[in-house]
Amino acid sequence: MKILIIEDERELAQSITEYLSGENYRCETATSYEQALEKVGLYHYDCILLDLMLPGGDGLKILAELKRQNRQEGVIIISAKSSFEDKITGLQIGADDYLAKPFHLPELAARIYSVIRRRNFGNANTLIQNGLEIDLLAKTVTVNQSPVFLTRKEFDLLLYFLGNKNRVISKSALAEHLSGDLADLLDNHDFVYAHIKNLKKKLSEAGAGTFLKTVYGTGYKWEG
Amino acid sequence: MKKLLNRSLKPMLIYALLVSVGSIPVYFLIIDFIWLRELDKHHYGIKRKLENRIDALSLPDSTVQQTVSILNRTEPGFTLTAVGASRPDSLYTLIRFDPFLQDREQFRCLVTSIRINNRPYRLLIETNMEEIDETVLAIAGVSLAFFVLLLGGFVFLNRRLARKIWQPFYASLGQLKEFNLQRDQTVAFAKTDILEFAELNDSLRQLIARNIAIYQQQKEFAENASHELQTPLAVVQSKLDLLLQNENLTARQGEQIELANRALARVSRINKNLLLLARLENQQFADRERVDLSQLVTDQLELLADFLENSQLTLTTAIQPGIEVEGNRLLIEIAVTNLLFNAIRHSPETGKISVRLANRQFTVANSGSPALNPDNLFKRFSTVSAKTPSSGLGLAIVREISNRYGWSITYTFTDGQHIFALAV
C-alpha cells in the first residue's frame, strides 16, 4: 500500500512514516505545495495524508485538483485547524476523513486502514483477519462459523487494533479513541481496561483470544 | 451625579437671587431719597409762594390774625402759629394716625419761620407720602417678580440653547456608550462646527481605532499562537507513540510515557479550548440555525450514560421536550457538555447530579461544598486545581457562548448544591 504524506513538518512526517512502515505500507513525503502537486501528478497512491497549511499554497487546492482528475485515492486531512468549517469544507470537497492535530499515531493508522479498506474493497463488506470474519456493514464478527457478540465499542476497538497490528497502543490513545473529549473527565483509564477485558474474553471464548496482548505497564498490542 | 447643564444653571440662579435681594434696599434708598428731596423742595416752594402772596395782599395788621386762622382751618397740611422769635428750620418724617383718612399715614414735614407784616410766624407744612414699609414691600414684590422671570428665562434658555450647544457632545457620548470592542463595529461621530467638540471627536476616533487595532492583534495572536502550537504538539505526540514501540522498554518507562501522554492530552485540550475562545471572539461561527435543545441535551446525556453507569454518581434528569433555540449547533453542544462535564468533574465520588430543562432554563446542579466565588468562576484559568485536571476554560467558554446569544449564565449555591443555570 502506498501512502503519500503531504506535511511540511518533517519530524511529524518522519514519525508517521516510521509508524506505518513495517506492515505493508510504503510512505512517501511531500513537504511543500509544489512538491505535493508534482508527486500527485506522477504517481498513484492508496491514501494521501494532507496537511492544509503548506508552504506555497492551500492544501484544499490539492484536494480539489485530485477530485477534478477523478482520482480514487483516499484522502485524510490532517490539520492544525480544528475549526468545524474547515472540516466541513474538506469533507464537502471530497476528503474521506479529517483528523485535527495533535493526534495519536494509532488513531491515524486506524483511519488510514478504514479509508483504504473502503476504497479497495468497494462494496465487499467482509474482512477476514487472523481467522476472524468481520462483517463491516452488519457489524458482526464470526470465528470458525460461530458468531461473537460484541458491543458497539468492542467492535470499534477490534477494528482499531486491526488497523494497528503489531503496534503497542497506549491507554491514552485508546481512551481518546473510545471517549473523545470524555477522556478528559476520567482520572484513570480503567474503563479502557474494562472494555478490552470484555473483548479479550469474548474472543478467547470463540477461540481467537491469542492475538490481543497486554504489554505490561504500557498498553495493548494485537499480534498477528 | 449632576448633569452638566444643571450645574451651570445653579450658580447663575443663585447669583440672580442675590442681585435681586440686594437690589431691594438700594431701590428703597434711592426712591426714598428722591421722594424726600422732591417733597422738601416742594415745601420750600410753598413757603416762598405763601410769603410772596401774603406780602402782595398788604393786609392791615388788624386782619392778619383772622386770615391766619382761616388759612389754618381751610388749607390741609398747613399750620401757621405766631411765635416770639424765629428759630432754625427743621425737616422730619413722621408716622401718625390721620383722622381724615382714618388710617396710619406717613408725613414729610417742614417747620420753618415766615414773617407776616413783620411779625414772626412758625409755618408747618405736612405732605402725605407712601409709608416706608409699604414701599419696601412693593419693591420686594417687583424684585421677586423679576427674579421669577429671570428663573423661568434661565431654565428655558438653558434647556433650549445649552442643549443645542452641547448636542454634539451628547451625540458623541451616546456613540461611546453604544460602542463595544467585542463587536466588530466602527464609530462614526457626527460632524460639528464647534472646535472643542471636533477635537474631542478626533481624539476619541484615534483612541478607538488604536483600541480596535490592539484588540484585533490580541485576538489574532491568541488564534495564531494556538494554531502554531498544534503542529509541535502533534510532533511530541507522535514521538511518544513511537517511543512506545521500542521492544526494550521497561514497564517503568512505559508508565512514564503514559504520564507524559496524559499531560500532553491536557495541554492539547487547553490549546483547543483557547483556540475555540479566540475563534468565538473573532466571530468565526455561522449562526442562525434552529436547534432542538431538548434533543441535544438528551443526546449529550446519552453519550455520558456509559460513563455514569461505571461511576457512583446519581443522575436525575427532567427534560421538557420541544424547546428550541437559535444558534450554532456545535457551540450550543459545547456549552451543554461543558456544564455537564463541569458537574461530573466537581462532584464528590458518590455525589448527585441533576439536569433540568424547563421554561427556557437549562439547569445543571451537583452536590458539593463549599460555595464558589461567582466573580471568578467564569474567568479563564481561575478554577484550575491540581485535584481536578481540567482545562480551566470550560466555564469561560460557556459564558462566551451565552453572551454571544444574549443568554445569561448564573451560579448559585443552595442546600449544598452548586447550581448553574443557563437562561436561553
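Which residue takes a positive phi in the hairpin of β2(B) and β3(B)? In this predicted model, the residue is Gln102(B), with a phi near 55°. Four residues lie between the two strands of that hairpin.

The predictor assigns the complex an ipTM of 0.91 and a pTM of 0.68. The average pLDDT of chain B is 86, and 97% of its residues score at least 70. Chain B contains nine helices and eleven strands. Of its 424 residues, 21% are buried. Among contacts in chain B with a separation of 6 or more, 67% are between residues 24 or more positions apart.

The open sheet in chain B has four strands in the order β1-β4-β3-β2, with antiparallel pairing. β1 (78-82) and β2 (90-98) of chain B are the edge strands. Each has a single partner strand, so one side of each lacks a neighbour in the sheet. From one strand to the next, the twist averages 30°. Helix α2 (residues 61-74) of chain B packs on this sheet, where it touches β1 and β3 (103-116) of chain B. The direction of α2(B) makes about 150° with that of β1(B).

The pairings can be followed across the sheet. β1(B) pairs with β4 (residues 119-129) of chain B in the antiparallel sense, over five bridges. Within this pairing, Thr79(B) has Leu124(B) in β4(B) as its bridge partner. Leu124(B) also stands opposite Val111(B). β3(B) and β4(B) run antiparallel and are joined by eleven bridges. They form a hairpin with two residues between them. Asn117(B), in the turn of this hairpin, has a positive phi of about 50°. At the other flank of β3(B), nine bridges join it to β2(B), again in the antiparallel sense. Ile95(B) has Gln106(B) in β3(B) as its bridge partner.

A separate part of chain B is the helix α3 (residues 132-178), which holds Asn158(B). Which residues does Asn158(B) touch, beyond those up to four places away in sequence? The partners are Leu5(B) and Leu9(B). Asn158(B) and Leu5(B) are 153 residues apart in sequence, yet their C-alpha atoms are 7.0 Å apart in space. Asn158(B) is partly exposed, because 16 other C-beta atoms lie within 10 Å, where a buried residue needs 20 or more.

Chain A meets chain B through 34 of its residues, which are in contact with 35 residues of chain B. Four elements of chain A each supply at least two residues of this side: α1 (10-20), α5 (105-121), β12 (168-170) and α7 (171-179). α1(A) gives the most, with six residues. By class, the side of chain A that touches chain B has 16 nonpolar, nine polar and nine charged residues.

Helix α3 (residues 59-68) of chain A has a buried set made up of Gly59(A), Ile62(A), Leu63(A) and Leu66(A). Why do these residues fall on the same side of α3(A)? They cover an arc of only 100° around the axis, and therefore share one side of the helix. An α-helix has 3.6 residues a turn, so residues three or four places apart point the same way. Just after α3(A), Asn70(A) takes a positive phi of about 60°.

The peptide bond from Lys101(A) to Pro102(A) is cis, with omega near -5°. Pro102(A) lies in the loop between β7 (97-100) and α5 of chain A. Asn130(A) is not a glycine but has a positive phi of about 45°. Its place is the loop between β8 (126-129) and β9 (132-135) of chain A. Asn130(A) counts as partly exposed because it has 14 C-beta neighbours inside 10 Å.

Asn166(A) is also not a glycine, and has a positive phi of about 65°. This residue is found in the loop between α6 (152-162) and β12 of chain A. Is Asn166(A) buried or exposed? With 11 C-beta neighbours inside 10 Å, Asn166(A) counts as exposed, since the cut-off for that class is 12 or fewer.

Conventions:
Residues numbered from 1 in each chain as written. Chains lettered and ligands numbered in written order. Predicted model: local features only at pLDDT ≥ 70, side-chain atom pairs only at ≥ 80, totals over all residues. Contact = placed C-beta atoms within 7 Å. Nonpolar A, V, L, I, M, F, W, Y, C, P; charged D, E, K, R; others polar. Pairing = 2+ DSSP bridges. Axes fitted to C-alpha atoms, helices over the stretch in contact; angles between N-to-C directions. Arc of directions from axis to C-beta. pLDDT = per-residue confidence, 0-100.
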